[in-house]
Amino acid sequence: MNYDIGVDIGGTKIAIALVEDGRSIASKTSFPTYEYIDPAKAVERIADAVRLLVSAAELEMKDIRSVGIGTAGLANRRDGILETSPNLGWKDVPLTAMLEAKLGIMAIIENDANAAALGEHLAGAATDAHTSLMVTLGTGIGGGFVIGDYLHKGINFAELEVGHMVIKQGGRHCRCGRNGCFERYASATGLNITTRHIMKKYPESAMWEAVGGDVKKITTFTAFDAAAKGDEAATVVIDKFLTDLSTGITNLINIFQPDVLCIGGGLAARDDELLVPLKRKAAEEVYSRASAVNTVIKKAKLGNDAGLIGAANLVGLKTF
Ligand SMILES: [Zn+2]
């Protein structure tokens with residue numbers, strides 16, 4: 001059996017897993033990111049966690065082939081440097097060299113959305129697909145594209161930033177500097193903004209009661225839950241959200257025409273309310289709707305484990 005370590009560095013937590021044969025997680029652990037603002041301290045903590053996982057499995061470091069790191073932000077895979085990560089506040093951190101020095105095994109880094117796409121392609125919802133595109137609906141929207149054994153890479157490690165595709169010219173301002181980006185509408189954050197806007201137009205909406213009159217208490221559940229009970233304003237929110245989501249997803253299918261498009265992130269759990277109408281809208285709008293074969297939209301299967309399994313497969317992975 002081959003063993004690798006997968007690390008997932010996110011804005012809220014850092015997860016570490018011991019992965020068997022690149023496909024299944026033997027054991028894992030995690031700790032909050034906020035305790036480790038200093039990257040050197042975070043690397044030290046990751047190295048300690050790796051050693052513990054390895055010894056608990058009655059293995060030694062020499063039995064481990066690699067440590068792969070999926071991280072939020074712009075990960076320079078060639079040089080092993082996390083160039084920028086707005087969520088973490090880290091800049092130009094030579095993560096692979098730092099971990100290699102601590103653990104004595106080969107390390108490699110990749111963007112977390114790419115790692116998750118690779119994980120779903122190899123061991124999750126897209127194992128039968130030759131080409132698969134993963135779109136993760138979280139605080140923002142991330143993407144990754146896998147073709148056969150290859151992970152698609154851009155020239156500057158910022159490929160598949162699908163969240164920054166403009167779907168509404170002159171729309172909501174985005175931290176990337178443009179207006180109307182996909183993630184300002186179809187992410188969890190985007191849904192919350194839409195919910196707030198619509199609630200203000202419907203003072204009698206049941207959503208006001210649900211949040212105790214405080215718009216700061218709006219969550220991704222607020223509109224979905226109220227819409228299920230027939231609240232008119234919530235139905236307007238969900239209709240708008242689904243239209244925005246299907247606009248972006250249909251654009252992506254038109255461009256990539258993958259075998260499978262996986263939807264990940266917390267929102268993807270909403271099957272009947274999100275995935276079913278999304279599939280219907282995309283099928284109606286996609287350019288190739290008259291074709292006998294079209295992209296299958298699927299819910300991602302591995303949750304947070306996708307990034308860990310993907311990260312454990314980074315060494316030796318081909319890219320183009
Ligand atoms: Zn943007």
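How many bridges pair β5 with strand β6, and in which sense, parallel or antiparallel? I looked this up before anything else. β5 and β6 (residues 81-85) pair in the antiparallel sense, over three bridges. I note that I am working from a predicted model.

**Entry: the sheet**

I then took one position in that pairing. Ala-75 stands opposite Leu-82 in β6. Next I traced the sheet around it. It is an open sheet of three strands, in the order β5-β6-β7, and the pairing is antiparallel. I checked the edges. They are β5 (74-76) and β7 (90-93), and each of these pairs on one side only. I also looked up the twist, which averages 15° from one strand to the next. As a reminder to myself, strands of a sheet pair through backbone hydrogen bonds, either parallel or antiparallel.

**Entry: the two domains**

How is the protein chain divided? I find domain 1 at 3-120 + 304-319 and domain 2 at 127-299. So domain 1 is written as two segments, while domain 2 is given as one. I looked up the spacing next. The centres of the two domains, taken over C-alpha atoms, are separated by 28 Å.

Then I went to the contact. In it, 15 residues of domain 1 meet 17 residues of domain 2. Which elements give two or more residues to the domain 1 side? I list β5, α3 (112-123) and β14 (318-319). β5 thus turns up again: it is an edge strand of the sheet and also gives residues to this side. The largest share, seven residues, comes from α3.

**Entry: α5 against α7**

My last stop was a helix pair. Helix α5 covers residues 188-201 and helix α7 covers residues 220-228. Their axes come within 7 Å and cross at roughly 60°. The two helices are therefore oblique to each other. I also noted the hand: α5 passes α7 in a left-handed crossing.

Which residues meet there? From α5 I wrote down Ala-188, Leu-191, Asn-192 and Thr-195. From α7 I have Thr-220, Thr-222 and Ala-223. By class, this contact divides into three nonpolar and four polar residues, with no charged ones.

Methods:
Residues are numbered from 1 along each chain as its sequence is written. This is a predicted model: local features need pLDDT of at least 70, side-chain atom pairs count only at pLDDT 80 or more; totals for chains, interfaces and linings use all residues. Two strands pair if DSSP finds at least two bridges between them. Helices (H or I, at least four residues) and strands (E, at least two) are DSSP runs, numbered from the N terminus. Axes are lines fitted to C-alpha atoms, for helices over the stretch in contact, and angles run from 0 to 180 degrees between N-to-C directions. Two residues are in contact if their C-beta atoms, placed from the backbone, lie within 7 Å. Angles under 35 degrees count as roughly parallel, over 145 as roughly antiparallel, 65 to 115 as roughly perpendicular and the rest as oblique. A crossing is left-handed if the near helix is turned anticlockwise from the far one by less than a right angle, and right-handed if clockwise. Ala, Val, Leu, Ile, Met, Phe, Trp, Tyr, Cys and Pro count as nonpolar, Asp, Glu, Lys and Arg as charged, and the others, Gly among them, as polar.
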